[in-house]
Amino acid sequence: MMRALFVREMIAERIGSPRREWSNGRKQEFDTTVREQMERTMKYKEIQQHLKESLKETRFRHTMGVVETAVQLAQIYGCSKKKAKYAALLHDCAKYLPDQDKITMCRREGVPISRAEMENPSLLHAKCGAILARQVYGVEDEEILHAIRVHTTGVPNMSLLDQILFVADYIEPGRTSAPNLDRLRELSLHDLDMTTYRILEDTVSYLNDIKDAGIDPTTMKTWQFYKELTSL
Ligand code: DGI
Ligand code: FE
Ligand code: FE
């Protein structure tokens, strides 16, 4: 519990909102004991517990579904299961930051914001997730951070870990509303590039059907990249 409160405090610091005062006089205790413990990467179980307390129940369930699927894909395609687990666990950790906080956080960190992201700041939960994973949860592995950073739009020529997270996010067992899910789940067991392309194809056509859904240029470039790659 103390740790969960501390994480909230750390997030507030990253965004630059005023620090909440501790009415029960325990702040000193936080600073001296918990801060020291937080110097290191938080343990998987501790992060999981914190996310359980801070995410909505459906989002937490989705997160654990992504962990399960990402680990299965890592096993099939020979990727580090540990990295897949951490990337999946933290991929949506910034999902519920208020939009203005996401914008402020990116600006502070010098992370570029595209026009589509400005119009739809929800997209920034990926970039902010990577910032929080590093600064709050203590993840230092650049491959994990990159996978979290690009998990919503993808990026051309993704690493294996990036692709595993991108695909697992879309096909995890709790997802029900996207089209072609059964086919994509089957395809993911033997062709990760084709699965990536099909997901992008469905995402782009879904976004095209929604009026005013600004498509991020990175989404389009990623779609184009995997279209060409899979037509070779
Ligand atoms: O966070 P999740 O819901 O688990 O999944 P996600 O991070 O892949 O986000 C999915 C949403 O993002 C989905 O509604 C499609 C949307 N999206 C992906 N690329 C773009 C986009 N929305 C806009 N407006 N523009 C994009 O380029
Ligand atoms: Fe997401
Ligand atoms: Fe997700």
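**View 1. The contact between the side chains of His 125 and His 151 in the predicted model.** In this predicted model, the side chains of His 125 and His 151 are joined by a polar contact of 3.1 Å. His 125 is placed in helix H8, which covers residues 125–135, and it counts as buried because its relative accessibility is 4%, where the cut-off for buried is under 20%. His 151 is buried as well, as is stated for both residues together. Once neighbours within four places in sequence are left aside, the residues in contact with His 125 are His 91, Asp 92, Ala 94, Lys 95, Lys 102, His 151 and Thr 152.

View 2. Distant parts of the chain are linked here, since His 125 belongs to helix H8 whereas His 151 lies in the loop between helix H9 (142–149) and H10, the two being 26 residues apart.

**View 3. The iron ion (ligand 3) and the aspartate that coordinates both ions.** A distance of 3.5 Å separates the iron ion (ligand 3) from the iron ion (ligand 2), and Asp 92 coordinates both.

**View 4. Helix H13 and its buried face.** Helix H13, residues 217–231, contains 15 residues and spans 21 Å from its first C-alpha to its last, close to the 21 Å expected at 1.5 Å a residue. Its buried residues are Thr 219, Thr 222, Trp 223, Tyr 226 and Thr 230. Seen down the axis of H13, these buried residues fall within an arc of 100 degrees, and they therefore line one face of the helix. The cover over the buried residues of H13 includes helix H10 (160–171) and helix H12 (192–209), whereas the face turned away from the buried side carries the exposed residues Lys 221 and Ser 231. At the start of H13, a side-chain oxygen of Asp 216 comes to within 2.8 Å of the backbone nitrogen of Thr 218.

**View 5. The whole chain and the confidence of the prediction.** The chain has 13 helices and zero strands, and 47% of its 232 residues count as buried. Of the contacts between residues at least 6 apart in sequence, 61% join residues that are at least 24 apart. The mean pLDDT of the chain is 89, with 86% of its residues reaching 70 or more. Over residues 17–25, however, pLDDT stays under 50, and the model has 13 contacts beyond four places in sequence for this stretch. Where pLDDT is low, the predicted coordinates should not be read in detail.

Terms used
Residues numbered from 1 in each chain as written. Chains lettered and ligands numbered in written order. Predicted model: local features only at pLDDT ≥ 70, side-chain atom pairs only at ≥ 80, totals over all residues. Heavy atoms only, no water. Helix = DSSP H or I, 4+ residues; strand = E, 2+ residues; numbered from the N terminus. Expected span 1.5 Å × (residues − 1). Buried < 20%, exposed > 50% of the residue type's maximum accessible area, 1.4 Å probe, protein only. Arc of directions from axis to C-beta. Contact = heavy atoms within 4.5 Å. Polar contact = N/O pair within 3.5 Å; in protein donor to acceptor, adjacent residues only side chain to side chain. Donors = N, O, S within 2.8 Å, 3.2 Å for Na, K, Ca; no water. pLDDT = per-residue confidence, 0-100.
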